[in-house]
Amino acid sequence: MANIYFFSKQNAQQVYDCCEAILKSNSFYNIATEKEESIAIYVSEEISLELECKLTNVDGFIRKLSTNSKMPALSEMSPNGFTYNGIKFGDEELNIIAGLNAIDNIKNVESVFRFLNSLGLSSARAGVYKPRTNPYSFQGLGASILNDLFFLADKYNIKAIAIEVLNESHVDEVCSALEQGNYKVGVILQIGTRNAQNFELLKCVGKTRYPILYKRGFGISLLESMQACEYIAKNGNNKIIFCLRGLKSIHASPHRNICDFSQLPALKRMINVVTCSDPSHSVGNREYDHNQIMDIAHVTAQAVISGTNSLLIDIHPNPKESPVDSNQILNFQQFSSLLDDINICRMAFINRKKLYSNELIKKQELDHFVS
Ligand code: PEP
Ligand code: MN
């Protein structure tokens, strides 16, 4: 299907760069009109989703005449992130969502929340329902723990807890416990990698008003996961946090998954979601290198230095006792050191941003001088 895109003329250079990419992709374009203020481009064939995103992300893009976008709802989302229960999520933030992979007992929930509060953190993670490969493995304590969980969150000033939901009745249980109990805490509904293409569940959480932590499918393409998020946005929910967590592969060894954090900037270029990175599931162990730096710390650093908007990290007062994923969970001391490391990397990212924006200014000044 053909399309006409309108751009503001001040971004002519970016537009021409896109045109070059259109030609390289074997599609055709014409300049439909070129006025003093604006420029319109006619693209005669359907183009790839990536190219479509590239075009619609040009600053000053006005609108497309016919919408054949495969992700119209995601395309319309604000680039500024969102605020939920007093917590800001977006490009200016680095939210750390740490906590219990699986709640084993309420005593450990209290100790984790007290610890997070002492560090000034107000988001947490707590597994209530666990998707397990082996049907005989611990499946989570389930709904009976929710009221105690929310009560303790309020006691330690935790403002949002990420809870994975595996089906629609979990969504009901979590939302009704929260709403009926009149708690101050809020929830982030997590869709795990195994449900990355459970379209009915995606539609269901799309109809709620809670933020959704969507974990990228571990065996599907990035675009397929983005289209799954379109289900959430299309159903009215634009509070989406898109989490990279590594891909399943025989080549992942010695890690649990192949870390996919290198795709963070590409993801951000294509859709306006808040990004998240899960180093615990990507690495899956607590090994150190010869510099006494954990592999988990190395991949966390990669995510932060590339500008991830949030991190999802497993911690436990005594990791070996966790009934789920015990090999990848950090104790409090390890997590405290990781936080210091995260601060170093965040500063590095901020400096990198400054470096490249200065480079851009220099380039614009030079272009101006040359022309
Ligand atoms: C989890 O976060 O506990 C989890 C099950 O993650 P994933 O869906 O990424 O495996
Ligand atoms: Mn897990």
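I take helices (H or I, at least four residues) and strands (E, at least two) as DSSP runs, numbered from the N terminus. The model is predicted, so I ask for pLDDT of at least 70 for local features and count side-chain atom pairs only at pLDDT 80 or more, while totals for chains, interfaces and linings use all residues. Residues run from 1 along each chain as its sequence is written, chains are lettered from A and ligands numbered from 1 in written order, and side-chain values use heavy atoms, with hydrogens and water left out.

**Entry: S123**

I looked up S123 and found it in strand β8 (residues 123-126). S123 has a relative accessible area of 3%. I call that buried, which means under 20% relative accessible area, with exposed over 50% and partly exposed in between (1.4 Å probe, protein chains only). For contact I use heavy atoms within 4.5 Å. Not counting residues up to four places away in sequence, S123 touches I87, I96, I97, A98, L116, I158 and A160.

**Entry: V274**

V274 sits in strand β13 (residues 274-277). I list V274 as buried, at 3% relative accessible area. With neighbours within four places in sequence left aside, its contacts are G81, F82, F89, G90, I240, I241, F242, K268 and N309. I also took the C-alpha to C-alpha distance from V274 to Y156: 26 Å, for 118 residues of sequence separation.

A177 belongs to helix α6. Its relative accessibility is 14%, so A177 is buried. A177 touches L146, N147, F150 and Y183, residues up to four places away in sequence not counted. I then checked helix α7 (residues 199-206), where L201, L202, C204, V205 and G206 are the buried residues. These pack against α6 (168-181), β10 (186-191), β11 (212-215) and α8 (222-234).

**Entry: ligand 1**

I listed the residues near ligand 1, meaning those with a heavy atom within 4 Å of it. The shell holds N101, R125, K130, E164, Q190, G192, T193, R194, K215, R245 and H281. How many are nonpolar, polar and charged? The shell has no nonpolar, five polar and six charged residues. In this scheme Ala, Val, Leu, Ile, Met, Phe, Trp, Tyr, Cys and Pro are nonpolar, Asp, Glu, Lys and Arg charged, and the others, Gly among them, polar.

For polar contacts I take pairs of N or O atoms within 3.5 Å; within protein, one must be able to donate a hydrogen and the other to accept it, and residues adjacent in sequence count only if both atoms are side-chain atoms. The side chain of R125 has an N or O atom 2.9 Å from an oxygen atom of ligand 1. For R194, a polar side-chain atom is 3.3 Å from a ligand 1 oxygen. For R245, the distance is 2.7 Å. The protein covers 97% of the 290 Å² of accessible area that ligand 1 has on its own.

**Entry: manganese and helix α10**

Which protein atoms are donors of the manganese ion (ligand 2)? I find H281 (NE2) and D325 (OD), 2.2 Å from the ion. H281 lies in helix α10 and D325 in the loop between β14 (310-314) and α12 (332-370), so the pair ties together parts 44 residues apart in sequence. Donors here are N, O and S atoms within 2.8 Å of the metal (3.2 Å for Na, K and Ca); water is not among the atoms, so sites may look incomplete. H281 is buried, at 8% relative accessible area.

S280 is also in helix α10 (residues 279-283). S280 is buried, at 0% relative accessibility. A polar atom of the S280 side chain lies 3.0 Å from the backbone nitrogen of D314.

Conventions
Areas by Shrake-Rupley, 256 points an atom, 1.4 Å probe, with all protein chains shown as cover.
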